[in-house]
Amino acid sequence: MSRLVPETLFSETDEYELQAQALLSSIRKDVETQDVLKDYIAALKSMILETTQKSFGTEVYDDLSATLKTANRFKLQAYVLGLRRLVSGRFHFFLLPPVAIHTVGSYPLGLCIDSVATIDLALEMPTGMFDKGDASSYAYHLKISLVLFAVADRVRSSALVKQVSITYRQDDPRKLTMVIIPPDPLQNCCRINLFAFPSPDTFPLRKFAPSVVHLSKDKFEETRNLNLKTLPSPLYNQSILRDLTLLSTRDYLLLLPEKCIPVVLLLRAWLRCRHLDRGYGGLSCTFAAMFVSHLLKAKQLHEGASPWSNFKVVLSAIAQLNLKAMPISFGPKEGDASSAPIASFQEYFELVFIDPTGFVNVCSDCTETIWKQVQHEASLSLQAISEGQPDLTFIGLFQQQLPFAEKFDICFTINAHDCLRKFACTSVQTCSRYVDSALVVYESLWPKIQSTLCQAFGDRILLIGKTLIDFSKVNPKDDSIFPEPSPLVFGLLMESNSQTDRLIRGPRTDEPQAAKFREFWGELSHLRKFQGHGTCEAVLFDEDQRSTVTVSIVEYIMQRHFSIPKGAIRSNDSLIVYPPKSAFRKKPKAAGHAKEQTFKDTFDQVEKKLNLLSELPFNIIDVAKLSPAFYDCEINPPVASQESQKFVDIVFDCAVPKWNASQLPPWRQSLEVLVSINLNAKHLKDMSELRRLKQAVCLIISDGLKKLKCTTKPFGCDLLVLEEGYVFRLLIRCIGEESIHEALPEGGELAVDLNKSRASHVRHMTSLCNHFEALASTIRTAKQWISCRMLSDYLRDEAVELIVLSLFLDPFPYTSPRHHFSGFLRFLRLLATYDWTFNPLVVNIGGQFKNDDIAEIKGEFRNLRPTLPPFCLVTPEDRLGNRWTQQQPCAPVADWICRLARNAIDQLEKPAVLTTTYWKNRLAEGKVTCRQRPQEAIDMSHTPLAIPVIDFNSVSLYLRDLRETYGQLALFFYNHWQGTSIGVIWKPSFLSMLRKNNADNKTLSEAANEIIKGFYHLGAGLVQKIIIFEWAQLQNCPECDTSRQGAYYSSSVLCSLRSHILATREMQFCGATDICKLNDLT
């Protein structure tokens, strides 16, 4: 859908109406294409009828040997043999030619929304081909499948057919569909689905009422050990009824008014983006058309209204309709003998939507879970339409695909087919539904699983959802009659703060529900007193640092009630391993009641001491936090520790590395704090005077803090303060500094005056991180990904935080993330798909921007675009959006970041992510985990009164020298947190110069040999080895996306540097693959 809408279609009067008209016009096929498709369909129908008239009618099927050869070509031999075993008695029938070929489905109704049109053709088979008993035990399904095999054998050599395949029906595992791919140039224009069905008068419809039994319990091994009197078959009956009423349904929908067709198209496009229309239980085109017809019949829609207005009415009706309690019926009036009573449908189906015949339930496969998902999406859409930006809201409604993993906070995958199959065969109710569901165990047991999970979580979850299975994409198996789909995948949308609450309070012990609670939770249930509630049943889960309590609940419930082992349950809760804050520090050795000292507590002490300084010649106006660690958004929070005397000497109260130490000492991360004083700097002439003033202020504050038993050290214009093992870097700010900054060269003002903006940014982020529970963890995960890609030097922390924050402030078409994994997936998708070239990313902090303000900002952005950076992040304090991205990233690096995000999102959303050991292996290799830097905690009482090694990294210093020396020739990349390598990419200008001077066709590595030697000598004693990768080697690298690198990196050389910063002085250069493989998510 993303390719269908033109970019220029906005109007100030009614943007939604214009955009809806543009979408509808782009969905409809042009007249020329319709004529070509019409001619092709007519020719194909004629060819099939002519072929079948000649060859059908002479064949008698007593055995299936000939058919099995054809079925084996499509890997459906097990399907044919399995159906034959279910058929009672001798199998014998004549293959008669079809009566006619009908065009059915969405195409003749004008409701096709795919760019590659799907055209359904139905072979109407004569009544004489079917016996009266064919309705029972799959004889009917076997016969219509044999028709398809016979047709496939005869048409595959036709010039009108390029390729023929036979698959399961996408929404019914009992039936097959023949897929015909036309020859060029129609191959990219349409697909033909061909299936067979009996003439409408072959069987009486009443024979397939919900209560009528058509399956024999003796034919299924699963039912032999159970005391089953009958085997209900409502789903089986609906499978046949949909074929018998195929033409009547089409004819009824052809009567839909022409002005309602656009409304159905909009509804279908909306459902398609949410992946709720295709697959088993999806809301098909028939449902969409009939629901619009129902609203029109109920006079909720008006033919004279615009499609957009009627579409909003449809969304409102979906959001409010309780389809389980209020069934819809187009059939004869209740009590009419010509239709089945509604009560009989409600007995067997969760949702009831009866068609005009009175026998077909349009929602027979749809569950209450799916309907609640649709209602949730409708509510979000209505809210966004009334409050959101029209352009972005329309994209979220009809253009943006919503992957399942991004819609829910935590997703689970259960791969326990054998366990659930055994469970299904333990009771009469579950076994009968399992058999009636074509032995698809996950679908048959899902209502039971869903109700059990809802009982366990109660009000902890807002919504539970399940992926829809498209059986046409399931590969047939040699030992299975019906398709065995991939494992069950479901998601939970959590209530706020529910993932940290490990205690579940049950009913009071004197209430009748207490016994049921104990039976449900088993040995975990115990008595506990609650204030205001008395003694109640309760369940307390142990704290697990590897996952949230949600995972523990699901694992326990699945094991207790369905006998599913923990190893068969996977969740994305632990896909990105992030250690909890408590893991960064060891607990004190003192009594367990002693409170653990954190750097935040220590900062409070320092702030109090600063406020106690009363004899200063100036006043401290404000003490503002600057470091992301203060609002839990630093990748690794600082730890309190002491320096080993083996590696450092104490010089002027500071620890410095020993010149002959066997390894470098671990350096400590300082915490930046902005101290504002009331000294006026407007009278100063230049920056040198301002620096001298700040140095004097640092000396005065240092003397005052020493009297309060603080270890301090003035360091240039800053003041280092050591307190309880943590080091705080105090930055001084005077009144009127802006006048001096204005005199600096271009870019200097921005670099020097960012501290004030940083302080404001920290205040906003601190408040918002307290409001959104998953914001801090999502930011840490995003920063870790940026760092692992060696890009932390090219995208500031504040920029990453604002990009992530935008996902929480304006989450449509989702809810605000309540788990870091779903937030991280959306972060990657935003990077990969946002139109950074033509639109700024508006981060509306505090809701200060109105829609008119945003429209004005976007207009200004288009005028100033050539002077703005690639990423523009607009906030109420920065309307241009260039404060945090003015210097970096440059255009090539910005493009690279977007491509890396696109590759990562493709990998993370693969189904194998949650179903195999892929992630476990990559976690073990250190390619996905977010690990802390190795730092050891110490006993605070033994901290020496000396400033430890602060913010020292030998590789960072080497990297600075590389950029100063060779920055005009190459880009350099490094992961400052846990990196062991530096990556180098030659700039295009340097490559062009090499090609001009490379007359004797030397390789790039030879031409750049002298420069690379300079790399080695510049890092003497630090560099161990350099490896150069040629372009041919990069093309063979599975991790490198060379196909989309473009002009910026064409024929570039990549090399990287490995270093063990904390252990040895040895470093090693390696190749381009390290850029892609080092702690890589793709």
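**Figure 1. Arg 505 and Phe 530, and a second pairing of charge and ring.** The charged end of Arg 505 sits over the ring of Phe 530, at 5.9 Å from the ring centre. The model shown here and in the following figures is predicted. In another part of the figure, the ring of Phe 195 has the charged end of Arg 169 over it, 4.4 Å from its centre.

**Figure 2. The chain as a whole.** The chain comprises 38 helices and 29 strands. Of its 1082 residues, 55% are buried. Among the contacts with a separation of 6 or more, 74% are between residues 24 or more positions apart. The accessible surface of the chain amounts to about 46900 Å², and carbon and sulfur atoms account for 51% of this surface.

**Figure 3. Aromatic pairs, with Phe 287 and Phe 291 as one example.** The structure contains 43 aromatic pairs. In one of them, Phe 287 and Phe 291 are stacked, with 5.6 Å from centre to centre and 20° between the planes. Both residues belong to helix α9 (residues 285–297), where they are four residues apart, about one turn of the helix. Phe 287 and Phe 291 are both buried. The pair of Phe 404 and Phe 408, by contrast, is tilted: the centres are 4.8 Å apart and the planes make an angle of 35°. Phe 404 and Phe 408 are also buried. A single aromatic cluster is formed by Tyr 252, Phe 287, Phe 291, Phe 330, Phe 353 and Trp 371.

**Figure 4. An open sheet of four strands.** The strands follow the order β11-β12-β10-β16, and their pairing is antiparallel. Strands β11 (461–466) and β16 (569–571) are at the edges and have a single partner strand each, so one side of each lacks a neighbour in the sheet. On average, neighbouring strands of the sheet are turned by 20° against each other, direction ignored.

**Figure 5. The pairing of β11 with β12, and two helices on the sheet.** Five bridges join β11 to strand β12 (residues 488–494) in the antiparallel sense. Here Leu 463 is placed opposite Leu 493 of β12. Helix α12 (residues 368–387) packs on the sheet and touches β11 and β12; the direction of helix α12 makes about 120° with that of β11. Helix α17 (residues 441–457) also packs on the sheet, in contact with β10 (410–414), β11 and β12. The direction of helix α17 makes about 170° with that of β11.

**Figure 6. Strand β10 and its two partners.** Strand β10 is mostly covered, with five of its five residues buried. Ile 410, Phe 412 and Ile 414 point one way from the strand, whereas Cys 411 and Thr 413 point the other way. With β12, strand β10 pairs in the antiparallel sense over five bridges, and Leu 492 is the bridge partner of Ile 410 in β12. With β16, strand β10 pairs over three bridges, again in the antiparallel sense; Ser 571 in β16 stands opposite Phe 412.

Figure 7. Arg 250 is part of helix α7 (residues 246–253). This arginine has a relative accessible area of 18% and is therefore buried, the cut-off being under 20%. Leaving aside residues up to four places away in sequence, Arg 250 touches His 102, Thr 103, Val 104 and Leu 109.

Note on methods:
Residues numbered from 1 in each chain as written. Predicted model: local features only at pLDDT ≥ 70, side-chain atom pairs only at ≥ 80, totals over all residues. Heavy atoms only, no water. Phe/Tyr/Trp six-rings, centres within 6.5 Å; stacked < 30°, edge-to-face > 60°. Buried < 20%, exposed > 50% of the residue type's maximum accessible area, 1.4 Å probe, protein only. Lys NZ or Arg CZ within 6 Å of the ring centre and 35° of its normal. Pairing = 2+ DSSP bridges. Axes fitted to C-alpha atoms, helices over the stretch in contact; angles between N-to-C directions. Contact = heavy atoms within 4.5 Å. Areas by Shrake-Rupley, 256 points an atom, 1.4 Å probe, with all protein chains shown as cover.
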